[in-house]
Amino acid sequence: MDKKLAKERVEHLKKIINKYRYERLVLNKEVISPDAEDALKKELFDLENEYPELIAADSPTQRVGGKPLKEFKKVRHETSMLSFNDAFSEKDINDWLKRVENYLGRKINREFYCELKIDGLAVELVYENGIFLQGSTRGDGIYGEDITQNLKTIEAIPLNLEHSKIKIPKKLIVRGEVFLGKKEFERINKEQEKSAGKIFANPRNMAAGSLRQLDPKITSSRKLDSFAYEIITDFGVKTHEEKHELLKEMGFKINPNNKRVNSLKEIFEFRNYWEKHREKLSYEIDGIVAIINDNKIFGDSGVIGKAPRGAIAYKFSPKESTTIVEDIKIQVGRTGTLTPVAVLKPVEIGGIKITHATLHNFNQIKKLGVRIGDTVIVSRAGDVIPQVSKVLKDLRNGKEKEFAIPKICPIDGSKVVHEGAFYRCSNQKCGARNREIIRHFVSKPAFNIEGLGPKIIDRFLDEGLISDAANIFELNEGDIAGLERFGEKSAQNIVSEIQDRKKIPLCRFIYALGILQVGEETAVALARYFPVSRIKELIKKYRSLSLENLQEIPDVGPKVAQSIYNWFYNERNIKFLEKLEKFGIKIESIKYQTANSKLKEKTLVFTGELESMSREEAKEKARDLGGDVSESVSKKTDYIVVGSEPGSKYEKAKKLGVKIIDEKEFLNLLK
DNA sequence: TAGCCTCGAGTTCA
DNA sequence: CTCGAGGCTA
């Protein structure tokens, strides 16, 4: 980025970060998540690093904390309360150590104390003659708010130190973190919902809100918790670790997971371990803090900005981040639907590099107001699928381009037609569609032909070996082995895999046809209502049905009936079916064993991975016994079968009180 | 006829 | 996982 652009960007960033900061700290309103705010700050920090002359005294990177609220008495901290600089990568940590050693002018002993960075608020506690006298928030680091009354409601904070195993000095200053556990957070939010009170976005906000209550009774109704982590009063101990031991001996609650380590590598391990296992903690953490264990070295390292040079917070990979929409491209699906996808400047979220995110449809683009060149917030829905959740319009420089809905298909130039919220390519034979139709045909819930992935299908199409899905059954080893990078063995494997799949259950066969509106479930309904055992019979049957007849099938209404009707009255499709028959595709007739089945008319949902079979097999078995398989949990769900590493469906089932069974119990039901 | 429940179709990345 | 919409039901 050149300097002029950088200057403009820095100013924009400063403005927007300050705005969010004000809204969050003064108005107690969370407009964007702390992760997204961090991403913006990081960008600003990096730009300022590149162009130090752009650093202004009022830059958000140059200060810490917010203004104290008026209602509380101001307290001056004897020693200013610092925060920590953030690191986001191993490189950042390496750089940090280099900075320290540069500053000190020598190599230092690699001994660090690692602590969990709890998502709460830092507080200062002052004891006089062993009695808790005053407690305060960090505030701007020099002046905080007096919240003594509220802190007294927290059991983890001792009101006196009469149980101390060591002698307490006349005046003792201790610092710690105040936070709310996950359970308590949920409980209070539920209550707030009932009483139409304020809903908090995260435990930290709720803890902050609770400590700012003027009435301590409200604070005490919320079970706040606390860990102590620093002693300001000098006890003459050599290491930070010893300070923690002292705190424990004096009767403070300290975090049992903290650990002394002897290398940078161990810092990384500590951080990675807790990123993976943070779920099992009863409170939220957003990273770890590494501190130089030797108090003398730590002290000599001094202060940089508003943070000690000798300590650093190593954050977990954020759950969301900001990035730039570099382009919006269009994909054409099996049904000809045009789907816009945002091409993003790569960002790492949850340890994975994100480069694309779906925009779903053109309404969504309008709703979000995304333009090419916009800075946006990207997160991962359900921690998996990348999505654009917000556009930061304040960061626009006027060069952003609005995205126009294409009038012609980007693949083959055919006219685009508008249907409801969707836009479709009008050409039935559009190249993109044909490819997607074949992919669908061989996919797992359809013909399940392994080894015939998208890349190989593309090759076969390009080489002219196939032109539609039926052709794949004609393929012989000679055709394939002739291609570059295909050996005899791989050709053999593909052909035998294809031949193995010539026998197929009716519902899979119907699903594979790719009839509009007929997915897995509707295909099962059709197969159950009109069981046929040969393709010829299938053609005859469906050609004889009227729209009314079709609607007799459960879950089939006018729209779906019309779609099925249209499909079977298209000569091209009938030719396709006849071709399949000619190539020897056999429909397996299934005898539904519903007689004394425990699954008859029961609705099941599967989540997580099963051990003894794939999910697809499990679904099939359940259906054979008359069960209904659904992909979403509701009150009507009878059983949810939970395998290893279940997803969000498990959580929902727990909430709704659906009967939860494991794989063993499921297998018993099958018997 | 409104509102709930499901389904279909499209999506990302390792 | 999300959005849109089809089908069923109160």
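Guide: In this predicted model, the contact to begin with is the one in which E90, I93, N94 and L97 of helix 3 meet L264, I267 and F268 of helix 9. Sorted by class, the residues that make up this contact of helix 3 with helix 9 are 5 nonpolar, 1 polar and 1 charged. The spacing of the residues on each side can be read against a general rule: an α-helix has 3.6 residues a turn, so residues three or four places apart point the same way. Helix 3 covers residues 90–104 and helix 9 covers residues 264–277, and the two pack at an angle of about 140°, with 11 Å between their axes. Since angles over 145 degrees count as roughly antiparallel, this angle makes helix 3 oblique to helix 9. The crossing in which helix 3 passes helix 9 is right-handed.

Helix 18, residues 535–543, and helix 21, residues 571–582, cross at roughly 160°, and their axes come within 9 Å. Helix 18 and helix 21 are therefore roughly antiparallel to each other. On the side of helix 18 the contact is made by I535, K536 and I539, and on the side of helix 21 by I574, L577, L580 and E581. By class, this contact of helix 18 with helix 21 holds 5 nonpolar and 2 charged residues, with no polar ones. Helix 18 also contains Y542, which is buried because 21 other C-beta atoms lie within 10 Å of its own, where 20 or more are needed. Y542 and Y565 are 23 residues apart in sequence, while their C-alpha atoms are 7.8 Å apart in space.

Around these pairs lies the rest of the chain. Chain A has 24 helices and 26 strands, and 31% of its 671 residues count as buried. Of the contacts in chain A between residues at least 6 apart in sequence, 66% join residues at least 24 apart. G144 is placed in strand 6, residues 143–145, and counts as buried because it has 24 C-beta neighbours inside 10 Å. Burial can also be followed along an entire element: helix 6, residues 203–211, is mostly covered, with 8 of its 9 residues buried. The buried residues of helix 6 are P203, R204, N205, M206, A207, A208, S210 and L211.

The surroundings of the DNA complete the picture. DNA strand B is surrounded by 32 residues, of which G333, G519, T522, S634 and K636 are the closest. Two or more residues of the surface near DNA strand B come from each of strand 15 (338–349), strand 16 (352–358), strand 18 and helix 17 (520–529), and strand 16 gives the most, with 7 residues. By class, the residues of the surface near DNA strand B are 9 nonpolar, 15 polar and 8 charged. DNA strand C is surrounded by 21 residues, and here the closest are A381, G382, G420, G557 and S648. The elements that give two or more residues to the surface near DNA strand C are helix 11 (362–368), strand 18 (385–391), helix 20 (558–568) and helix 23 (648–656), with the largest share, 3 residues, coming from helix 20. The residues of the surface near DNA strand C are 8 nonpolar, 10 polar and 3 charged.

H360 lies in the loop between strand 16 and helix 11, and its phi is near 70°, a positive value in a residue other than glycine. Because it has 16 C-beta neighbours inside 10 Å, H360 counts as partly exposed. Q517 lies in the loop between helix 16 (506–512) and helix 17, and has a positive phi of about 80° although it is not a glycine. With 15 C-beta neighbours inside 10 Å, Q517 likewise counts as partly exposed.

Methods:
Residues are numbered from 1 along each chain as its sequence is written. Chains are lettered from A and ligands numbered from 1 in the order in which they are written. This is a predicted model: local features need pLDDT of at least 70, side-chain atom pairs count only at pLDDT 80 or more; totals for chains, interfaces and linings use all residues. A residue is near a molecule or strand if its C-beta atom, placed from the backbone, lies within 6 Å of it. Helices (H or I, at least four residues) and strands (E, at least two) are DSSP runs, numbered from the N terminus. Ala, Val, Leu, Ile, Met, Phe, Trp, Tyr, Cys and Pro count as nonpolar, Asp, Glu, Lys and Arg as charged, and the others, Gly among them, as polar. Axes are lines fitted to C-alpha atoms, for helices over the stretch in contact, and angles run from 0 to 180 degrees between N-to-C directions. Angles under 35 degrees count as roughly parallel, over 145 as roughly antiparallel, 65 to 115 as roughly perpendicular and the rest as oblique. A crossing is left-handed if the near helix is turned anticlockwise from the far one by less than a right angle, and right-handed if clockwise. Two residues are in contact if their C-beta atoms, placed from the backbone, lie within 7 Å. A residue is buried if 20 or more other C-beta atoms lie within 10 Å of its own, exposed if 12 or fewer, and partly exposed in between; C-beta atoms are placed from the backbone.
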